[in-house]
Amino acid sequence: MRIHPDLRRFWPQLLFLMLAVLWFYRARYFTFYGLGIYSFIDIFLVLLITLLVLRFIFKQAWQPAWRGAWIAGCLLTLFHLGFNVVAKYRPTYDINIHPDAEGCIYLFVSTLTEDNAPFEVDANGIGYIPRGGRYDVQFNYRGEDITEFWEHSQVQQITMYNQDSTQKTAISLQCFDLKVDSTYIGRNPYAFLGCMDEGLLNDYIEINWVEPALLFKQVWSKRGALYDWEYDHKLSSTHPN
């Protein structure tokens, strides 16, 4: 198979054009406010500097210097693409909801990591997800992908106080309503879901539906009524963000 002479001659420019189109797409939709597009100013500056260095410092002819500049542009664009793909990579975990689960599903922010989290919801509608981390989830219920309804889940923080109100503990969770007949509150993003309060949480702990040791807790303490709250590192699961 013979390659057209122009293709052999202008392959750096053609390759740069293809990489540029791909980078424009990722920069527009996968960088902060699409500001990655302006990185092409840096790319063209590198291209120009490479051309001048090859031409006047290394005394190369215009054609080899021009080709070297385009190759440098290709390499830099390829670096931008690779860095963006690696930086934006988020693994996806399947969360299997027990087929007997009905009603409200509760996912507690836990002390577990992505390596040891079960990524499942039991028959009582209780599950645990890692705190933080960069990952996506996909929900499966009775052979159906219901991830779209998770987008409208409610984020809640339960705050509990001790008897003299000198200590407060915050526990975070997300919840959404699961209907057997496939009608979801989540279809209306503005629908209010009651989720869980302190009383229900304590009830679930008492009947062993919720494992308190797995809950991610943030604790604040104060020495008296006139003092501000101070984060208690010893009693909390970890430091606050």
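Visitor: Where is Leu48 found?
Guide: In helix α3. One caution before we go on: this is a predicted model.

Visitor: Which helix gives the largest share of the nonpolar patch?
Guide: Helix α3, residues 39–57, with 4 residues of the patch.

Visitor: Let's step back. How many helices and strands does the protein have?
Guide: There are 6 helices and 10 strands. The protein has 241 residues, and buried ones make up 37% of them.

Visitor: And the accessible surface, what does it come to?
Guide: About 15,400 Å² for the protein. Carbon and sulfur atoms account for 58% of that.

Visitor: What share of the contacts join residues at least 24 apart?
Guide: It is 57%, counting contacts between residues at least 6 apart in sequence.

Visitor: Now the inside. Which residues touch the most other members in the largest nonpolar core?
Guide: Ile97, Tyr106, Phe108, Phe139 and Leu201. That core has 35 residues. Several elements each supply at least two of its residues, including β1 (92–97), β2 (103–110), β8 (167–178) and α6 (198–206). Apart from this core lies another, of 15 residues, with Leu19, Ala20, Ala27 and Ala69 among them. As background, nonpolar side chains tend to be buried together in soluble globular proteins.

Visitor: Pick out Tyr106. What does it touch?
Guide: Leave out residues up to four places away in sequence. Tyr106 then touches, among others, Ile126, Leu173, Met196, Leu200 and Tyr204. Cys175 and Cys195 are also included in its contacts.

Visitor: Is Cys195 buried or exposed? And Cys175?
Guide: Cys195 is buried, at 12% relative accessible area. Cys175 is buried too, at 0%.

Visitor: Why is Cys104 in no disulfide?
Guide: It comes down to distance. The nearest cysteine sulfur to that of Cys104 belongs to Cys175 and is 4.3 Å away. Cys104 counts as buried, at 16% relative accessibility.

Visitor: Switching topic. Where is Phe119 found?
Guide: Phe119 is in the loop between β2 and β3 (120–121). At 6% relative accessibility, Phe119 counts as buried.

Visitor: Which residues is Phe119 in contact with?
Guide: Set aside neighbours within four places in sequence. The contacts of Phe119 then include Tyr93, Ile95, Tyr128, Pro130 and Tyr135. Phe119 and Tyr93 are 26 residues apart in sequence, with 7.1 Å between their C-alpha atoms.

Visitor: And Glu198, where does it lie?
Guide: In helix α6. Glu198 is partly exposed, with a relative accessible area of 32%. Beyond four places in sequence, Glu198 is in contact with Ile158, Thr159 and Met160. The C-alpha atoms of Glu198 and Met160 are 6.7 Å apart, although the two are 38 residues apart along the chain.

Visitor: Last one, backbone. What is phi of Arg142?
Guide: Near 55°, a positive value in a residue other than glycine. Most residues other than glycine have a negative phi. Arg142 lies in the loop between β5 and β6 (144–145), and counts as partly exposed at 47%. Asn208 has a positive phi as well, near 65°. Asn208 is in the loop between α6 and β9 (217–221). At 68% relative accessible area, Asn208 is exposed.

Technical notes
Residues numbered from 1 in each chain as written. Predicted model: local features only at pLDDT ≥ 70, side-chain atom pairs only at ≥ 80, totals over all residues. Heavy atoms only, no water. Core = buried A, V, L, I, M, F, W, Y, C linked by side-chain atoms within 4.5 Å. Buried < 20%, exposed > 50% of the residue type's maximum accessible area, 1.4 Å probe, protein only. Contact = heavy atoms within 4.5 Å. Disulfide = S-S within 2.5 Å. Areas by Shrake-Rupley, 256 points an atom, 1.4 Å probe, with all protein chains shown as cover.
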